[in-house]
Amino acid sequence: MIQNSNSPGVDLSATQVDARSGFWRDFRDRSWIGALVAAMALWLLAAYITGTLSLSFILANATIAGFLAIAGTAQMTVIASGPGNFDLSLPYVITFGAYVMSAGFLGQGNILGSLGLTLLIGVVVGALNAALIVKLRIPAIVATLASGYIIYSLIVAIQGGGFSRIGGIFEAALRTRVFGVSGALVVSVITLVFVAFLLRRTIFGLHLHAMGQNRQAARLAGVRNGWTTLGAFVLSGILGAWLGVLLATYQGGVSADLGRSFLLGSVASVVVGGTRITGGVTSVVGTAIGALVLTLTQSDLILLQFSIGAQYVIQGLIVLLTVCLVALRTRAGT
């Protein structure tokens with residue numbers, strides 16, 4: 001037994017072992033560790049297929065994953081508000097936001113004005129969803145699907161109008177690459193860090209987690225569930241509109257199906273990232289890694305020349321397997 005001369009009788013070797021084991025236990029218990037390992041394995045698989053371990057490959061996929069991570073974080077915020085809560089209007093908000101940003105309703109070249117109008121639309125849609133859920137007690141899936149169809153009708157109404165590239169410094173900044181890192185990826189990371197701070201370091205985040213875990217107990221503890229629900233859906237709407245802005249600017253154009261892939265992708269990134277879909281739990285890091293796993297999976301399947309149908313099947317199986325593993329882990333923990 002090794003003893004400290006200043007503190008006789010203290011077993012430093014046992015203390016150090018306990019500290020090390022505690023560190024690795026905490027690291028192992030992180031829900032997103034499995035997704036991180038999967039992402040590394042997929043990168044190595046791509047290296048095996050192409051014959052080279054390319055840093056540019058992982059950075060290009062990270063840029064795409066950054067967009068998906070923003071959508072996933074928006075969906076995660078709503079999911080955290082309670083069991084069964086999903087935002088099915090998200091893809092329509094993304095598409096509508098892209099159209100509004102590109103339309104230049106406040107004048108072509110007025111980027112700040114278009115950005116403000118687009119984000120305001122996200123706020124309005126989020127507030128509408130929350131009103132339908134809280135005031136009319138309509139299930140979240142039904143309410144957001146209904147508002148999504150309303151937004152889609154607006155998309156159909158305006159898509160015949162004139163749209164132009166965003167251009168300017170904003171587009172140049174998103175497309176700029178420094179050492180292979182795109183400006184779009186940097187903006188996505190900044191967005192995710194901001195949301196992570198909001199969810200972890202503010203009263204709103206505390207109330208959201210409490211409400212998601214036990215709505216009745218949160219109410220008795222003083223949480224105003226209605227206002228917290230409003231905050232969750234408004235945040236989702238803002239992130240959806242912001243993503244539409246980024247996509248329209250980065251891609252240099254818009255289309256009616258721009259946000260379609262983000263519906264299932266946003267939910268899948270949350271699930272693959274290890275976050276429970278029963279509410280009360282958030283992990284921006286896990287969702288971002290989950291988005292990277294999905295993006296790398298699709299890239300590897302393209303390299304292996306799988307058909308589109310086969311790609312969807314395999315991605316669906318990955319999500320299903322992850323849900324099963326999370327369920328087994330939850331049961332083991334209880």
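Which residues does Thr282 touch, not counting residues up to four places away in sequence? Select Thr282 along with Met76, Ala80, Leu199, Arg200, His209 and Thr275, and you have the answer on screen. Touching, or contact, here means heavy atoms within 4.5 Å.

Before moving on, note that this is a predicted model: local features need pLDDT of at least 70, side-chain atom pairs count only at pLDDT 80 or more, and totals for chains, interfaces and linings use all residues. Residues are numbered from 1 along each chain as its sequence is written, and side-chain values use heavy atoms, with hydrogens and water left out.

**Stop 1: the whole protein**

Zoom out for a moment. The protein has 14 helices and four strands; these are DSSP runs numbered from the N terminus, with helices being H or I of at least four residues and strands E of at least two. Of its 334 residues, 44% are buried, where buried means under 20% relative accessible area, exposed means over 50%, and partly exposed is in between (1.4 Å probe, protein chains only). Among contacts with a separation of 6 or more, 73% join residues 24 or more positions apart.

**Stop 2: back to Thr282**

Thr282 sits in the loop between α12 (262-272) and α13 (284-303). Its relative accessibility is 3%, so Thr282 counts as buried. Show side chains and you'll find a polar contact between those of Thr282 and His209, at 2.6 Å. For a polar contact, look for a pair of N or O atoms within 3.5 Å; within protein, one must be able to donate a hydrogen and the other to accept it, and residues adjacent in sequence count only if both atoms are side-chain atoms.

**Stop 3: α13 and its partners**

Now pick α13 together with α12. Their axes come within 7 Å and cross at roughly 115°; axes are lines fitted to C-alpha atoms, for helices over the stretch in contact, and angles run from 0 to 180 degrees between N-to-C directions. That makes α12 roughly perpendicular to α13. On this scale, angles under 35 degrees are roughly parallel, over 145 roughly antiparallel, 65 to 115 roughly perpendicular, and the rest oblique. To see the contact, colour Gly265, Ala268, Ser269, Val270 and Val272 in α12, then Gly286, Thr287, Gly290, Ala291, Val293 and Leu294 in α13.

**Stop 4: Thr144 in α6**

Jump to Thr144, in helix α6 (residues 140-158). Is Thr144 buried or exposed? Thr144 has 0% relative accessibility, so buried is the word. Its side chain reaches the backbone oxygen of Phe86 at 3.3 Å and the backbone nitrogen of Leu88 at 3.1 Å. Leaving out residues up to four places away in sequence, Thr144 touches Phe86, Asp87, Leu88, Ser89, Asn129 and Phe233.

**Stop 5: Tyr152**

Stay on helix α6 and click Tyr152. At 38% relative accessibility, Tyr152 counts as partly exposed. To finish, draw a line between the C-alpha atoms of Tyr152 and Phe96: these residues are 56 apart along the chain, and the separation is 7.7 Å.
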